[in-house]
Amino acid sequence: MTELHDRLERFETLTAECELIAKLATDSTKREFYLKLSEQYRQLAVDMRKVIATKAAA
């Protein structure tokens with residue numbers, strides 16, 4: 001389970017980093033790119049939480 005928690009933490013970190021980059025971006029194309037990327041990492045984190053919950057329930 002530690003590996004799953006490590007991946008979850010990594011996805012959460014990447015989400016935060018992408019959101020920060022998007023806030024600081026002056027180019028609208030880059031801002032949109034990093035916002036979309038942060039949304040994808042957020043979804044991966046949600047999915048990972050579901051996997052962890054499923055494994056914990058088993």
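With a relative accessible area of 14%, L14 counts as buried, where buried means under 20% relative accessible area, exposed over 50% and partly exposed in between, for a 1.4 Å probe and protein chains only. This residue is placed in helix α1; helices here are DSSP runs of H or I with at least four residues, strands are E runs of at least two, and both are numbered from the N terminus. Between L14 and V46, which are 32 residues apart along the chain, the C-alpha separation is 13 Å.

A word on the basis of these values is in order. The model is predicted, so local features need pLDDT of at least 70 and side-chain atom pairs count only at pLDDT 80 or more, while totals for chains, interfaces and linings use all residues. Residues are numbered from 1 along each chain as its sequence is written, and side-chain values use heavy atoms, with hydrogens and water left out.

The packing of the two helices comes next. The axes of α1 and α2 lie 8 Å apart, and the helices pack at an angle of about 160°; axes are lines fitted to C-alpha atoms, for helices over the stretch in contact, and angles run from 0 to 180 degrees between N-to-C directions. That angle makes α1 roughly antiparallel to α2, given that angles over 145 degrees count as roughly antiparallel, those under 35 as roughly parallel, those from 65 to 115 as roughly perpendicular and the rest as oblique. The contact of α1 with α2 is formed by 16 nonpolar, three polar and seven charged residues. In this grouping Ala, Val, Leu, Ile, Met, Phe, Trp, Tyr, Cys and Pro count as nonpolar, Asp, Glu, Lys and Arg as charged, and the others, Gly among them, as polar.

The largest nonpolar core has six residues, namely L4, L8, F11, A45, M48 and I52. Such a core is a set of buried Ala, Val, Leu, Ile, Met, Phe, Trp, Tyr and Cys residues joined through side-chain atoms within 4.5 Å. Two or more residues of this core come from each of α1 (2–24) and α2 (28–57). Apart from neighbours within four places in sequence, I52 is in contact with M1, L4, H5 and L8, contact meaning heavy atoms within 4.5 Å.

S38 belongs to helix α2 and is buried, at 3% relative accessibility. Leaving out residues up to four places away in sequence, S38 touches T15, C18 and E19. E19, in turn, sits in helix α1 and is partly exposed, with a relative accessible area of 27%.

From E9 to M48, 39 residues away along the chain, the C-alpha distance is 9.7 Å. Finally, A58 lies in the segment after α2 and counts as exposed at 89% relative accessibility. A58 and M1 are 57 residues apart in sequence, and their C-alpha atoms are 12 Å apart in space.
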